Amino acid sequence: MTRRGFLLGAAGAALLASLAGCVQSESLRYRVTVEVDTPQGLRTGSSVWHVDSQAGPAFPGPEAASISSNIRGEAVTVDLPGGETLFALMRGAGGDVDYPTQLVQRHLAEHPDPRVETTPGAWAENRRRIQRSGIAFELTEDEYPMLVRFRDRSDPTTVEQVEPGDLDEAFGPGVRLRRITVEMTQESPTQDIIGILPWLDEYAEQGRRLNGNSGIITTNELADNLGSGSFLRRP
Amino acid sequence: MDSRVFRAILAMDSYNRGYDAGLRLSSTNSDEIGLQIGLASVVARTDSVEGSDARSASFYAIAYTRGSETVVSYRGTDTIPFIGTDAQTGWPQQKRGQYTFSPPAALAA
């Protein structure tokens, strides 16, 4: 190796090391619980969601800075009378696919909690404080996840969105959403939903959405916009 | 508004919609089909769901129509150079002549 080559290699290695050193990462783990009143009594379901986020370096300029996240967990399922199941998805009611990433900090921005002191801009430190605090809170209706049901659970194309205030229309008289809560936890995410929706694995492997399509999206149909990632996210 | 300025706005718009949006424009950062942005409307986009080919490649694209014109805006290359997703799915593929993804053509089809 020439002296020039050696110097270029050393400079490149130093640049990579400094960029890697600029990466900030932090995780957040919380349990989402859905409570539904039914004529047969209260039914509940819960699930742990884990969010790992990394902020890359602003290289070559500040416009290149970004935060990306990996999410693990599964949709909340609530068994209801008559063999029905309510699914609270890992996406917002309006379709936000980053919903699990944003949920906790967005809530605390709108509803500050005196048990958690947050600093604007210090997202990683804020997450550590939130996780350590162990706080629990109730979501407001505009913070709810997307709620869905299947007319036939074996057929993904029969997915239907359910409005939080209209559960009785979807599931029968007397069925009413009581509340949805969030609580910090150290428990691990589960994958029990595979037992309820066994086709999820195949759809995940093939990158298909619930209508069977993959690739470009050109419609707003629910089954064309939901994939297995709204129900189950693995490492 | 000058059409070049408007195209520049749409070029930036792709960074603020879909997954990992740079700015939180609203609670949803909607990219639904038919959404109006000025005189343009969204007609297609790549799949933002985790596990989809586009997201796995750290890629996102959105297409708009404005009158008779179709504008395709896309983003990528936002991971750590040399060691992030770009190294596996981005510019090195182009350098080696191994295109694995042809987003504008796919969207325009």
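**Notebook: salt bridges**

I started with A:Arg151, which forms a salt bridge with A:Glu160; their closest N and O atoms lie 2.7 Å apart. A note to myself before going on: this is a predicted model. I then looked up how open each partner is. A:Arg151 comes out as exposed, at 53% relative accessible area, while A:Glu160 is partly exposed at 25%.

Next I turned to A:Asp113. Which side chain does A:Asp113 meet in a salt bridge? I found A:Arg115 there, with 2.6 Å from N to O. Is A:Asp113 buried or exposed? A:Asp113 is buried, its relative accessible area being 15%, and 15% falls under the 20% cut-off for that word. A:Arg115, on the other hand, counts as exposed at 53% relative accessibility.

Then I moved to helix H3 of chain A, which covers residues 123-133. Here A:Glu125 and A:Arg129 form a salt bridge, with 3.3 Å between the closest N and O atoms. I checked how they sit along the helix: the two are four residues apart in H3, so about one helical turn separates them. I also noted their accessibility: A:Glu125 is partly exposed at 24%, and A:Arg129 is partly exposed at 24% as well.

Which residues are linked with A:Glu125 and A:Arg129 in a network of salt bridges? I wrote down A:Glu26, A:Arg128 and A:Arg132 as the other members.

Last, I looked up the total. How many salt bridges are there over all chains? The count comes to 24.

Technical notes:
Residues numbered from 1 in each chain as written. Chains lettered and ligands numbered in written order. Predicted model: local features only at pLDDT ≥ 70, side-chain atom pairs only at ≥ 80, totals over all residues. Heavy atoms only, no water. Salt bridge = Lys/Arg side-chain N within 4 Å of Asp/Glu carboxyl O. Buried < 20%, exposed > 50% of the residue type's maximum accessible area, 1.4 Å probe, protein only.
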